[in-house]
Amino acid sequence: MIATTKRARILAGCLALLSAAPIPAAAAKVQQDSTKSVKSETAPEMEQETEIIDRLEKADARHSYPRLTLHGDYRFLYGKGRFHASLPDRRTGTLRRTDQAVFRAERRLRLFPFIETSPGTSIRTMLEDKRDSKDESRNKHLTLSRLYLQHENPHTKIEVGRFNYYLMDGSIIDKRIDGLRFRTGSDDWPQGSLTVFLGRTTDGPDEQKDGISVLWKKALGKLDASAVYLDFHQRQDLPTSEPKLRALGLPTGRIGQGFDRQRIASLAAKYHPTSKWQLGLELLQADGRHYADAYREHEGGFVALVQYGELDERKAGSFASWLRYYDQPSASVLYPTMDADTGFFRRKGFRGWGARTDYVITPGLVCAVEGFRLENRRESPLLRRMHEYILGTSITAYF
């Protein structure tokens, strides 16, 4: 898995290749702004991490309060990626292909100290330490990454503070959030469960997004149904991307990417023919706007899922594998959930395959292998035939 960082330049080497060909300033800016690296964690890992902690807490159940519990994991991640795109030559009109290969090798320690004040109520934190074997400047020493209050009973669940917000199968959002999340009901209740979120992302002041979401989920025998609506907007509007401002020395913003506001609706269903098999389909509809250059995108997409296996980190030999096909417009991605750089495709969206297998080597020790093959969903005058290939692995020890 290739490490997450907001400012990592995954196509920095590509600039040297592109500088040899006369290309428009806008196209050069497109290459320069493609700065997001492949993510270092996936949604399945986040779900797995949460489930493991919950199981450990139940196994260690005590009845004296307050009490302190400590869980954690140590993970080594290694991954490689290959990116390429074609640029039209302004003089000849032919397409010139550029390639860039990247890799990440990272060690990550996470500690989860929880203070349980009463049954169902706890103060939850996460300390995180990251070390990059390739680039020491990317090292992040032990820092407080999450801090929130959680209360849960059979009827409701509330979280307040800084926590991680992951949503469903589509590559929609996986991000640390400052805010409030409230759930009422349960998936197996006649009316299902309803979760409301209100908060702000943890980016810098010029990149923060305020947002709300409403999520409904219902279990119908072997079928799980869900529907969600999200509305997120930049606290500060993104600057214009008109190239003429470059000549005046003014900010040009994000050419061909970025939205001041995104509205995303999702309708999903998962069918469980047996305890090990799972089939899923998620339909997406997204509306994105960038006011300064009057760009608007209103498109739909989908994500299809096939999964087999039951992963239990306490049982050696247990495993789970999934295969997904993504066909998403760029406006449907707030913060990608996948170990791939969807920002590489900018406003053109992406489509392609992803696959992953998790396997328990011995109780508490899990390895994973994951790969993606993605391409641009739409063409543009500046960049065409964009592809990325990702292959990564991780070994995680839970304690």
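The side chains of R67 and E116 come together in a salt bridge, with 3.0 Å from N to O; the term covers a side-chain nitrogen of Lys or Arg within 4 Å of a carboxyl oxygen of Asp or Glu. R67 lies in strand β1 and E116 in strand β2 (residues 95-118), so the pair ties together parts that are 49 residues apart in sequence. Strand β1 itself covers residues 67-88. Helices (H or I, at least four residues) and strands (E, at least two) are DSSP runs, numbered from the N terminus. Keep in mind that this is a predicted model, in which local features need pLDDT of at least 70 and side-chain atom pairs count only at pLDDT 80 or more, while totals for chains, interfaces and linings use all residues. Residues are numbered from 1 along each chain as its sequence is written, and side-chain values use heavy atoms, with hydrogens and water left out.

Let us stay with R67 for a moment. R67 counts as buried because its relative accessibility is 11%; buried means under 20% relative accessible area, exposed over 50%, and partly exposed in between, using a 1.4 Å probe and protein chains only. E116 is buried too. Another residue to look at from here is S122, which is 55 residues from R67 in sequence and 9.4 Å away in space, C-alpha to C-alpha.

Strands β1 and β2 have another link to show you. R108 and D73 form a salt bridge at 3.8 Å, N to O, joining R108 in strand β2 to D73 in strand β1 across 35 residues of sequence. R108 counts as buried at 0% relative accessibility, and D73 is buried at 0% as well.

In the whole structure, a search finds 25 salt bridges. One of them is between R351 and D327, at 3.6 Å from N to O, with R351 in strand β14 and D327 in strand β13, 24 residues apart. R351 is partly exposed, at 24% relative accessible area, whereas D327 is buried at 10%.

Now to the rings. The search also finds 16 aromatic pairs, meaning rings of Phe, Tyr and Trp (its six-membered ring) whose centres lie within 6.5 Å, with planes under 30 degrees apart called stacked, over 60 edge-to-face and the rest tilted. Y308 and F319 make a tilted pair, because their planes stand at 50°, with the ring centres 6.0 Å apart. Y308 belongs to strand β12 (residues 295-309) and F319 to strand β13 (residues 319-328), so the pair ties together parts 11 residues apart in sequence. Y308 is partly exposed at 29%, and F319 is partly exposed at 33%. Y326 and F350 are also a tilted pair, at 6.3 Å centre to centre and 45° between the planes. This pair links strand β13 to strand β14 (residues 350-362), and both of its residues are buried. Y326 and F350 belong to one aromatic cluster with F83, W322, F344, F345 and F372.

Charges meet rings here as well. R324 lies over the face of W322, 4.3 Å from the ring centre; the criterion is NZ of Lys or CZ of Arg within 6 Å of the ring centre and within 35 degrees of the ring normal. The charged end of R347 sits over the ring of F259, 5.8 Å from its centre. Finally, look at R346 in the loop between β13 and β14, where phi is near 55°, a positive value in a residue other than glycine.
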